[in-house]
Amino acid sequence: MAQQLSIFLENTPGRLAALSRALGEGGFNMHALSLADTSDYGVARIFVDDPVAAKAYLEKRGFSGTLTEVCAVEIPDEPGSLGRLLEFLADHEVNIAYSYVFVNMMTKHAINVFKLNDPAAIELLEQEGYRVLSDDAL
């Protein structure tokens, strides 16, 4: 399992810029960012090099957030890889609440981030030969 930093943002101009600037000023490297919004607020889901320290740093600067356990699965960055992974999860009746993907430029592998309904799915993935990443491996 890996930890994702989820930050709640007012849906106003410049708020995402302020979040990004604060992370940079704190020396935190953002590896991936997913943004979901409603008319009043947004949720920035972020993979950052030290999520616990980043959360504490951002809270001191007025941002509200949580740490969320997510499943980060490494697969080859090639056609069909994601489809096979998703079919495996569907075949085992694992529901995906949300997902986003980024590419690790050093390994040239795609990192698929999932919020899953069943924590036991991680063991299924590993038994099938998938590499599930921890915070240290990211």
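Two strands count as paired if DSSP finds at least two bridges between them. Strands here are DSSP runs of E with at least two residues, helices are runs of H or I with at least four residues, and both are numbered from the N terminus. The model is a predicted one, where local features need pLDDT of at least 70 and side-chain atom pairs count only at pLDDT 80 or more, while totals for chains, interfaces and linings use all residues. Residues are numbered from 1 along each chain as its sequence is written, and side-chain values use heavy atoms, leaving out hydrogens and water.

Q: What makes β5 and β6 a pair?
A: Strand β5 (residues 96-104) and β6 are linked by eight bridges in the antiparallel sense, and the rule asks for at least two. One of the bridges has Ser99 facing its partner Phe114 in β6. The two strands form a hairpin, with four residues between them.

Q: How do you know that β4 pairs with β6?
A: Again, count the bridges: β4 (residues 64-76) and β6 share six, in the antiparallel sense. Val73, for one, has Asn112 in β6 as its bridge partner.

Q: Why is β6 called mostly covered?
A: Buried means under 20% relative accessible area, exposed means over 50%, and partly exposed is in between (1.4 Å probe, protein chains only). In β6 (residues 109-116), six of the eight residues are buried.

Q: Why is Ser6 called buried?
A: Its relative accessible area is 4%, so Ser6 falls under the 20% limit. Ser6 sits in strand β1 (residues 2-10). Leaving aside residues up to four places away in sequence, Ser6 touches Val43, Ala44, Arg45, Ser64, Gly65, Thr66 and Thr68 (contact means heavy atoms within 4.5 Å).

Q: What makes the link between the side chains of Ser6 and Gln4 a polar contact?
A: A polar contact is a pair of N or O atoms within 3.5 Å; within protein, one must be able to donate a hydrogen and the other to accept it, and residues adjacent in sequence count only if both atoms are side-chain atoms. The Ser6 and Gln4 side chains are joined at 3.1 Å.

Q: Why is Lys108 called exposed?
A: With a relative accessible area of 52%, Lys108 clears the 50% limit, so exposed is the word. Lys108 lies in the loop between β5 and β6.

Q: What makes the phi of Glu93 worth a look?
A: Most residues other than glycine have a negative phi. Glu93 is not a glycine, yet has a positive phi of about 55°. Glu93 is in the loop between α3 (81-91) and β5, and is exposed at 71% relative accessible area.
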